[in-house]
Amino acid sequence: MSVTYIDAIREAQEKLLREDPRVFLYGQDIATFGGAFKATKGLAEQFPGRVFDAPISEDAMIGLAVGAAIEGMRPIVEMQFADFSSLAFNQLVNQAATHFYRTGMPIPITVRLPSGGTPGSGPFHSQSMEGIYAQYPGLVVLTPATVSDAYHMLIDGVALDDPVIFCEHKFLYRWLKAQSINGDHLPIGQARIIRPGKHATVVAYSAMVHEAVRAADRLQQDGWEIEVVDLRSVKPLDLDTILASVARTGRLLAVGEAFPWGGVTAEVVSRVCEEGFHLLDAPPQRLNARDTPVPYHPKLWAAHRPTPESICEALRKLLTF
Amino acid sequence: MQPFADGVVMNHDFLRSVFHSMLKARILENKLSSLYKAGKIVGGVYLGRGQEAVSATLGTALIQGTDFFAPLIRDQAGRTAFGEPLIDCTRTYLGSALGPMRGRDGNIHRGRPEMGMPAMISHLGAQVPVVAGMLFAKRLQGTLNGRVGATCIGDGATSTGAFHEGLNLAAVEHLPMVVIVGNNQFAYSTPNHRQFACADLVEKARGYGVGGFSVDGTDLLACASVISEAVRRAREGGGPQLVVARLLRLSGHGEHDDGSYVPTEIKSGHYGRDCVEVAMRQLVENGIATVDEILAWQDQFAEEVQRAVAQAQQEAPPDPYQEDWTALSTRFPIPQTCAAQ
């Protein structure tokens, strides 16, 4: 009996609804319909009066969640696609994210963003927004890559008193399976060495962790041992784990699915340069999506994001510098 | 008590209370303007001059401790009526570390969310869904009955998506909410005809499926009647109510602005009259207060304002070396043992 990544997200929400009366779910088509990806399937029936369909008003959805949090609730908001959270940007970064610093009252809302590309999804149903939200003070940004992390990090994220942007990868929803939702249950803010190695470090998160592991498997056939670090949370960023890995390998490649200008990979590289320059034996590298909107056609899409092939190519250059 | 328009009883205590807040706000804001012009306030000063009758009536009709009130830029009078102490205002404007925002935010961007009065952000219309969410929480907690949430916006904010989304959402959820639009005819410098094309903003109420009211915002008695009725309908289960108050801002957008774009004929027209003066006349003519009483209140409030200013001026500003420079309440790293529990 295996569990998928989206099962884990549904299970986590079920547990949260069962155990915490402050939790409610709010989002478009999430009640009887069960959500565009079925992440809330059956929960409206199981928990009457706790799961609500929202009008197509992303800005007001987050506004409502902020107000409900002020009055003691722990709302979980589902954005139908991460891309649509641009419409809620104001309430997220100006209302929710500033509230604790300004008033001393934290806003414990969790916003689920179905993120990242899938074949055929096109420019407006494929985006990776984690770097944008991480740029703003006052938000915790989570990017689980495993079934167990999807489960535990959603539960732990809702338990945080701060606003959480929960970036769940759509490509992993049904493709990624595990024997159980239980795992090592690391705390939020701690990265994981998902594959040990000694010749180079790949820092990745979300779906790119799996692409990086594939690339590492291929390079192993040539005798290279690649260490893969799964960030798990991009904010806070676990620089200690990254630096410890770079200290072992001397080489760094940061891989992300978001657009290449700035973002998480740039942050990782700049921090390693700042604090671990002496550890590097080669210029640190970044690999991101291309600097165009995410294309619709599967052939274009596959060449737009990093792949095991492009990661291998980047690693070979890095290893032979 | 005597019969009043629309069947609402003219409640002397209520009107005196509204007037107290109007007068107190006016005296405080005149002082803030002087302090700004003397260079004693850093950042902007935004006054509610000319909008006190609307704001104070709403603040008085709401019940502190039960209701929610999300004030906006021109709501000093409503804040005072709802129970915000004067010292919160002077501390925030004068940068005292002891104010509710501790120097982290200024002027009208202050609030006390724990007392049902959230702190506004500058993005207009954004408080509409927040108030809806506060009420939504109370419904989930089973304590919504008899409660009202209210917020004020201006004519300019009715052009925002936030206003539209928020009011529509409140209507869908049939929440006990009152949204007051103070149509002061200019959003900063932009006149109504560059802001909206409908004949009257209250027409929007029908489109949203909410109650709609129009009122002369310079007329205390009219405000008391109409706004109280809107609050009553919301409280009694009538769903959201939109009140459009026609008035004129009797100052610039902020004290840095002389408002010279407002044509003279509008300033000298009906809505250019001062609602505080109108209210004084109404109180005296209807036997609700005497001239002597009003003069005594003026002295009393001027002294209260003076004390609040003096106290805030004596207090230390925030110390950047002692400042807790974190925007999160969670302290990372979280020990592994905690997460594993």
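**Exercise 1. Which residues of α4(A) are buried?**

Step 1. Set the cut-off: buried means 20 or more other C-beta atoms, placed from the backbone, within 10 Å of the residue's own.
Step 2. Apply it in this predicted model. A:Asn90, A:Gln91, A:Leu92, A:Gln95, A:Ala96, A:Ala97, A:Thr98, A:His99, A:Phe100, A:Tyr101, A:Arg102 and A:Thr103 are buried.
Step 3. That is 12 of 15 residues, so α4(A) is mostly covered.

The model is predicted: local features need pLDDT of at least 70, side-chain atom pairs count only at pLDDT 80 or more, and totals for chains, interfaces and linings use all residues. Residues are numbered from 1 along each chain as its sequence is written, with chains lettered from A and ligands numbered from 1 in the order written.

**Exercise 2. Find what the buried residues of α4(A) pack against.**

Step 1. In chain A, the partners are α3 (58-70), β5 (110-115) and α5 (130-134).

**Exercise 3. Check the span of helix α4 (residues 89-103) of chain A.**

Step 1. Take 1.5 Å times one less than the number of residues.
Step 2. Note the kink of about 25°, centred on A:Ala97. The bend is the angle between axes fitted to the seven residues ending there and the seven starting there.
Step 3. Next comes A:Gly104, with a positive phi near 85°.

**Exercise 4. How many helices and strands does chain A have?**

Step 1. Count DSSP runs: helices are H or I, at least four residues; strands are E, at least two.
Step 2. Chain A has 12 helices and 14 strands.

Technical notes
Two residues are in contact if their C-beta atoms, placed from the backbone, lie within 7 Å.
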